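Keep the viewer open and follow the selections below in order. Each stop says what to select and what is there.

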Amino acid sequence: MKVRVSSDDNIYKMLNHKATLIRRDLVRMSKGKHLHFGGSLSIVEILVVLYFHIMRHDPKNPNWVERDRFILSKGHAVPALYAVLAEAGYFPVSQLSSFRELHSVLQGHPYSKTLGVEASTGSLGQGLSVGSGMILGARLDGKDYYVYVLIGDGEANEGAIWEASLFCSSYKLNNLIVIMDRNHFSATGPMKGRVDIDPVADKWRAFNWDVLRVNGHSVRELILAIKKTKKGKKQPSIIIAQTVKGKGISFMENRAEWHNNKLSEEQYKSALSELGSVQE
Amino acid sequence: MNKAGDVSLAFGKALVEIGREDKNVVVLDADVSHSTRTYMFKEEFPERFYDVGVAEQNMMGVAAGLALTGKIPFVNTFSVFAVARVFDQIRQSIAYPHLNVKICGAAAGISLGDAGPSHHSLEDIALMRSLPGMTIVIPADRVETEKAVKAIARYKGPVFFRLSRGIKPDIYDENYEFRIGKAVTLQEGKDVTIIGTGTMVAKALEAREQLSLEGINTEVVNLHTIKPLDEGAIIKSAKKTGCVVTVEEHSIIGGVGSAVAEVLVENGNVPMQRVGIRDIFLESAYTEDLMEYYGLSVEDIAKSVKRCLEKKSLIENKS
């Protein structure tokens, strides 16, 4: 038993280390550029857990038919996805600096022709529908892969999310796992007092989903929740991940102005130093 | 042209046939499968048919997902909902990644005349034409519908397939060979060219007969593919006859008339007239009554031909 705990601890340590690496990559790739920091930083642990622990995928064979699929429905957080794909080996980390530049494969929002990117998103509210189509395709082909769709809480203002939600539970798409980045902010500011989505868990339950809540920055909680959703469920599952917008860079945390912004030279240094030196 | 056939039924049957030929063909429908005739596919291939309910936005995304797994989704609803209502989903999730989705807009134009403007689809060509990489096919009769369904199923990429409904006069026989992007000269002529699409092709042929009684020799071209546009055929016919009339069950803005004008203005400008709905919302009435009143009758086509010929003779007299 002790051995097992310690091996889990090692996994958590490795994943947290990766998360710090990704945050540093984000800061570096933003040099001189606007970047959607807030919503990218809030999903780092979620992505790290999926790509470095949970998902069946092979960066050397990105079109492997049996692979699990991940769709970033909140496409503006794509810098975090690019950093994770690079660290996983889909393309060199050095390529991250070309983000949003002329002829770069790293487009401003996800494009399915970029290696490792499964669906073109960016106009909010569409990724869940695309993910459910993938599950239907898998069923026809007799495949058992999972499709993970990451949606934002602000994104759940879009009616299309709820069309898709109804569809997924009606078709009992139990191989579909949605993770909601519940950082309580949309672009303009806090959702509270504007068009908020609480009680969000009740809404998904009312749409016949299995609902779990976790701390979205705890790799341990995320892993346990994802594993739990896979056990004999007949319904699709949503994991509502409580997160902090801008997580990991103190002057960005819970600050709407860092939804999409550019670092000054001073801020750049301060962000990197806060993230510490990690062995790379 | 005594014979006629049901174009919607031809569509339904053709879907079943391609379903038999290719197990990757899947069909989605937004709660109108009795109108679109996709129920025929559902009866034969229930496991490859998805009733998505009254949720068109979701339907487009689901189709994109299916296409990403190698399926060939045919999505179906009334054209007015298949395009305008879900244009962003088509643009973002289907056209931008150039996915192999066939968007079938049933009862296009004023097929649903008495349902009123909420159900008239007179902007769909204009919208879809603006999307890079989108193919737009509009069959003119039963045979062309059947052949075109098979052709778009074999073609890899996004397609907007714009369908009318009900019984329409036969234009082609079973030996007709349909090719995406290749306009068909149905009748040769030397005085004027009518370029028609969809249900208006039969009316163009009727107008040709009337005009021939007055000694006017009309060329009739069936432009069944609006994109990619057969520019060569348009330019060739325009140069031959020296004036062009376009006819379409669509707004004169952004549809076939615009597409043809765009080609001709850069390639030997000739006088043109556009027959179509003149930038207004219509009203509820039977389709034929709307066509008579709002300028889509055989007589309207004949009148436009004469106006075009006048413009042509003015130019010829000047030079």
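Start in chain B with strands β10 (residues 192-196) and β11 (residues 218-222): the two run parallel and are joined by five bridges. Bear in mind throughout that this is a predicted model. Show side chains for B:Ile194 and look across to β11(B), where B:Val220 stands opposite. Strands of a sheet pair through backbone hydrogen bonds, either parallel or antiparallel.

Now widen the selection to the whole sheet. In chain B, five strands make up an open sheet with mixed pairing, and the order across it is β9-β11-β10-β13-β14. Which strands stand at the edges? They are β9 (184-187) and β14 (272-277) of chain B; each has a single partner strand, so one side of each is left without a neighbour in the sheet. Turn the view to look along the sheet: from one strand to the next, the twist averages 25°.

Select α10 (residues 231-241) of chain B, which lies across β9, β10, β11 and β13 (244-251) of that chain. Helix α10(B) runs at about 150° to β10(B). Then select α13 (residues 298-318) of chain B, which lies across β10, β11, β13 and β14 of chain B. For α13(B), the angle to β14(B) is about 155°.

Zoom out to the whole of chain B. The chain has 14 strands and 13 helices. Along the principal axes, its C-alpha atoms fill a box of roughly 65 × 40 × 35 Å. How does the radius of gyration of chain B agree with that of a compact globule? Chain B has 19 Å, which agrees with the value near 20 Å that a compact globule of 319 residues would have. Colour chain B by burial, and 59% of its 319 residues count as buried. Turning to contacts between residues at least 6 apart in sequence, 80% of those in chain B join residues at least 24 apart.

Last, show chain A as well and select the contact between the chains. Chain A puts 24 residues into this contact, and chain B puts in 22. On the side of chain B that touches chain A, the elements giving two or more residues are α4 (56-68) and α6 (87-95) of chain B. Colour the side of chain B that touches chain A by residue type: ten residues are nonpolar, nine polar and three charged.

Definitions and conventions. Residues are numbered from 1 along each chain as its sequence is written. Chains are lettered from A and ligands numbered from 1 in the order in which they are written. This is a predicted model: local features need pLDDT of at least 70, side-chain atom pairs count only at pLDDT 80 or more; totals for chains, interfaces and linings use all residues. Two residues are in contact if their C-beta atoms, placed from the backbone, lie within 7 Å. Helices (H or I, at least four residues) and strands (E, at least two) are DSSP runs, numbered from the N terminus. Ala, Val, Leu, Ile, Met, Phe, Trp, Tyr, Cys and Pro count as nonpolar, Asp, Glu, Lys and Arg as charged, and the others, Gly among them, as polar. The radius of gyration is taken over C-alpha atoms; the globule rule is 2.2 Å times the number of residues to the power 0.38. A residue is buried if 20 or more other C-beta atoms lie within 10 Å of its own, exposed if 12 or fewer, and partly exposed in between; C-beta atoms are placed from the backbone. Two strands pair if DSSP finds at least two bridges between them. Axes are lines fitted to C-alpha atoms, for helices over the stretch in contact, and angles run from 0 to 180 degrees between N-to-C directions.
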